[in-house]
Amino acid sequence: MALGDIFCWKMVDFRDRLHRNMFMEDIKIHKRFRADRQCVIYEGGCLDLLRQIPDKSIQLVVTSPPYNIGKEYEKKVRLQRYLENQRKVIEECVRVLANEGSLCWQTGNYVDNGAVVPLDSVLYPFFVEHGLLLRNRVIWHFEHGLHCSKRFSGRHETIMWYTRATKNYVFNLDPVRVPQKYPGKKHFKGPKAGQYSCNPLGKNPGDVWDIPNVKSNHVEKTAHPCQFPVELIERLVLSMTNENDWVLDPYAGAGTSIIAAIRHGRRGVGAEIEHEYIQIARERIGKSINGTLKVRPMHKPKYDPKAAGNKLTKSPWKTEDAQEYLFTG
Ligand SMILES: C[S@@+](CC[C@H](N)C(=O)[O-])C[C@H]1O[C@@H](n2cnc3c(N)ncnc32)[C@H](O)[C@@H]1O
């Protein structure tokens, strides 16, 4: 990374930290929504929370709903019933979405008897029937998960980003730019020949995001089985909202979306039905407010065990075994 890039990133981090120190200590965690509040975590069903929220008042709805795969917080039901429920929640989320707002629905697959149903595809019509437009289908790639034996192991999920049919939706690219691959590259011909060709603030992060998921060694891990990493939601919050805007997560889990919102001077509201997760969310939000929550920083490079000299990357197998080739080849 070029020195100029490092300077820019440090400035962004410094600005964010300054903002946190100046404004966050006054934040209170409320139990019911009111437009003049900053942080709300509602214990109960998301439809009950949504009924408290006025039309077009939320700038960013971002969530990961249950996938109906029998996780400890959900009862697996027939796909049709699951979809009917999602349809109702989506309809309410569209109602509260601001004119220039964004709605990001993050999903994986529902698996029925070995057959994979990509939830983003089956839910797509529910957004389009309300006039929303799909702006990106972001692939979130991660390394850790179940090892399958009858198909390739799942190592990605998607974020479907919708807006209303307007050209004026909020999209701030600069706060989420990432380092250029070749920052020293110059125009080699034309009127700009010899000048640097890259944007000094970095490049567009693209629509494939390689961000570690929250598994056992992750600094953000709690007892919740499938938390968002804070940095994943920070990228959405910074690019799709402005300060003081509302961010809503109807399935708040361990409160990650609310944390990502208030860390950047936005307002955060979420609903969660499980009391245990409400307690985790409240504790994490409290720590975020007083500055003690451990979070994986947005621009931290991914851990590379080989580069770090981790001994476990040395194969115990003999040279003629296939695995040896994988490790040395
Ligand atoms: C996939 S998890 C979301 C985790 C969250 N993204 C985080 O970072 O922790 C889905 C959550 O929705 C909760 N949930 C399920 N049905 C709900 C409902 N009707 N209203 C509110 N929360 C619900 C579950 O208890 C679970 O914590």
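Predicted model: local features only at pLDDT ≥ 70, side-chain atom pairs only at ≥ 80, totals over all residues.
Trainee: What is the phi of Lys56?
Mentor: Most residues other than glycine have a negative phi. Lys56 is not a glycine, and yet its phi is positive, at about 50°.

Trainee: Is Lys56 buried, exposed or partly exposed?
Mentor: A residue is buried with 20 or more other C-beta atoms within 10 Å and exposed with 12 or fewer. Because Lys56 has 15 C-beta neighbours inside 10 Å, it counts as partly exposed.

Trainee: Which residues does Asp55 touch, not counting residues up to four places away in sequence?
Mentor: Asp55 is also placed in the loop between H2 and E2, and it is exposed because it has 10 other C-beta atoms within 10 Å. Asp55 and Ala98 are 43 residues apart in sequence, but 7.7 Å apart in space, C-alpha to C-alpha. Once residues up to four places away are set aside, the residues that Asp55 touches are Arg95 and Val96.

Trainee: Is Asn113 buried or exposed?
Mentor: Asn113 has its place in the loop between strand E4 (109-112) and strand E5 (115-118), and its phi, near 55°, is a positive value in a residue other than glycine. Because Asn113 has 4 C-beta neighbours inside 10 Å, it counts as exposed.

Trainee: How many helices and strands does the chain have, and how much of it is buried?
Mentor: Residues 24 or more positions apart account for 66% of the contacts in the chain with a separation of 6 or more. The share of the 329 residues that count as buried is 29%. The secondary structure comes to eight helices and 10 strands.

Trainee: At what angle do helix H3 and helix H4 pack?
Mentor: Two packed helices are described by the angle between their axes and the distance between the axes. For helix H3 (residues 79-96) and helix H4 (residues 119-128) the axes are 10 Å apart, and the angle is about 35°.

Trainee: Which residues of the largest nonpolar core touch the most other members?
Mentor: In soluble globular proteins, nonpolar side chains tend to be buried together. The largest nonpolar core here has 56 residues, and those touching the most other members are Ile58, Leu103, Val237 and Ile258.

Trainee: Which helix gives the largest share of this core?
Mentor: Eight of the 11 residues of H5 are buried, so this helix is largely enclosed by the rest of the structure. Its buried residues, including Val230, Leu236 and Val237, pack against E2, strand E3 (97-107), strand E6 (133-141), strand E9 (246-249) and helix H6 (256-262). With seven residues, the largest share of the core comes from helix H5 (residues 230-240).

Trainee: With which residues is Val237 in contact, leaving aside its neighbours within four places in sequence?
Mentor: Val237 is one of the buried residues of H5. Beyond its neighbours within four places in sequence, Val237 is in contact with Leu60, Val247, Ala260, Ala261, His264 and Arg266.

Trainee: Is Met298 buried or exposed?
Mentor: Met298 lies in the loop between helix H7 (275-290) and helix H8 (322-328). Met298 and Val230 are 68 residues apart in sequence and 8.2 Å apart in space, C-alpha to C-alpha, and Met298 touches Glu231 and Glu234, not counting residues up to four places away in sequence. Because 21 other C-beta atoms lie within 10 Å, Met298 is buried.

Trainee: Is Pro301 buried or exposed?
Mentor: Pro301 too lies in the loop between H7 and H8. Because Pro301 has 8 C-beta neighbours inside 10 Å, it counts as exposed.

Trainee: Which residues come nearest to the ligand?
Mentor: By class, the shell around the ligand has 10 nonpolar, six polar and three charged residues. Of the 19 residues around the ligand, those that come nearest are Tyr73, Tyr251, Gly253, Ala254 and Thr256.

Technical notes:
Residues numbered from 1 in each chain as written. Near = placed C-beta within 6 Å. Nonpolar A, V, L, I, M, F, W, Y, C, P; charged D, E, K, R; others polar. Helix = DSSP H or I, 4+ residues; strand = E, 2+ residues; numbered from the N terminus. Contact = placed C-beta atoms within 7 Å. Axes fitted to C-alpha atoms, helices over the stretch in contact; angles between N-to-C directions. Core = buried A, V, L, I, M, F, W, Y, C linked by C-beta atoms within 7 Å.
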